[in-house]
Amino acid sequence: MSENTKHTNASNLGLLTVIGAGPGDPDLITLKAIKALQAADVVLYDALVNPELLGYAEHAELIFVGKRKGCYAYQQEQINELIVQRGQSQHVVRLKGGDPFIFGRGAEEMEYAATHGLNVAMVPGISSSVAVPASQNIPVTKRGAAESFWVITGTTKEHKLSSDVALAAKSNATVVILMGMSKLPAIVALFEEEGKADTPIAIIQNGTREDEKIGIGTISTIQAEVDKQQLANPAIIIIGEVVNHRKALSSAIESYKQVSEVHH
């Protein structure tokens, strides 16, 4: 084992490492993140982290600090204090779902730790904003369909719908909305106001996990699909012509099979 992956060596003391765990599939974590988990003394992990990943932290104390259905194990201020308290003499790993710098508060925790004398390090994660659509064969960009994409939080810290959604609805870009299921009626209304009732939309719940569910429709039909499949958070909303790629790919595969059967 290399020097930087040994358990509790001097260079790791007084260190906070913030790690992105990826979107849910335990295989979608980086090698660098695994090495940091192996070197951890304490791991503070969130609710969306796949429990399998904790197996890499075989020497560490594991502390759940996430929230489930609105119930907080720790408030953010308590998490900050815990990081500093443990980080004075130990290597603390903060394990977060997706990428910690994309609506993950990783930057805030690193800043707090740094102002209290801790060394800080960041290991990026695969963001659910692009990985979850990709897992369902939905590209966020595609030549001729989308030249750019927005990634927006559905719920701001004031618990309101981000004003950026209205701006995004005016564009031709793909729009990816995280944490937006409670605001779906308002999101749909904004796109309908822009004359986009027929725009394709996909909603993916528990993306990349074994219990993944997906609903496909248009802006005008998606609410009925959500009700039918009982889709809820954690889910990602993808709006744009790129959603049609999933169907186009399936059609291409099926067409090839039919041609092959004829020739054989």
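Contact here means heavy atoms within 4.5 Å, and on that basis residues 24 or more positions apart account for 65% of the contacts in the protein chain with a separation of 6 or more. This is a predicted model, in which local features need pLDDT of at least 70 and side-chain atom pairs count only at pLDDT 80 or more, while totals for chains, interfaces and linings use all residues. Residues are numbered from 1 along each chain as its sequence is written, and side-chain values use heavy atoms, with hydrogens and water left out.

**View 1. The protein chain as a whole has eight helices and 12 strands.** Helices (H or I, at least four residues) and strands (E, at least two) are DSSP runs, numbered from the N terminus. Taken along the principal axes, the C-alpha atoms fill a box of roughly 65 × 55 × 30 Å. Of the 264 residues, 46% count as buried, where buried means under 20% relative accessible area, exposed over 50%, and partly exposed in between (1.4 Å probe, protein chains only). The accessible surface comes to about 13900 Å², of which 52% belongs to carbon and sulfur atoms; accessible areas come from the Shrake-Rupley method with a 1.4 Å probe, and for residues only the protein chains shown count as cover.

**View 2. The largest nonpolar core has 21 residues.** A nonpolar core is a set of buried Ala, Val, Leu, Ile, Met, Phe, Trp, Tyr and Cys residues joined through side-chain atoms within 4.5 Å. Phe191, Ile203, Ile237 and Ile239 have the most contacts inside the largest one. At least two of its residues are supplied by each of helix H5 (164-169), strand E9 (174-178), helix H6 (184-193), strand E10 (200-205), helix H7 (222-229) and strand E12 (235-239), and the largest share, five residues, comes from H6. Apart from this core lies another, of 18 residues, among them Ala21, Val43, Val93 and Leu95.

**View 3. Isoleucine 203 is shown with its contacts, leaving aside neighbours within four places in sequence.** Its partners include Met181, Leu184, Ile222, Val226, Leu231, Ile236 and Ile237.

**View 4. Helix H4 (residues 128-135) has Ser128, Ser129, Ala131, Val132 and Pro133 as its buried residues.** These buried residues pack against strand E8 (149-153), E9, E10 and E12. Asparagine 137, whose phi is positive, near 60°, follows H4.

**View 5. Glutamate 212 is placed in the loop between E10 and strand E11 (213-218).** Glutamate 212 is partly exposed, with a relative accessible area of 24%. Its side chain is joined to that of serine 135 by a polar contact of 3.4 Å, a term for a pair of N or O atoms within 3.5 Å, of which, within protein, one must be able to donate a hydrogen and the other to accept it, and for which residues adjacent in sequence count only if both atoms are side-chain atoms. Beyond its neighbours within four places in sequence, glutamate 212 is also in contact with residues including Gln136, Ile204 and Asn206. Glycine 24 and glutamate 212 are 188 residues apart in sequence and 9.9 Å apart in space, C-alpha to C-alpha.

**View 6. Asparagine 80 lies in helix H2 (residues 76-87).** Asparagine 80 is buried, with a relative accessible area of 13%. Leaving aside neighbours within four places in sequence, asparagine 80 is in contact with Glu109 and Tyr112.
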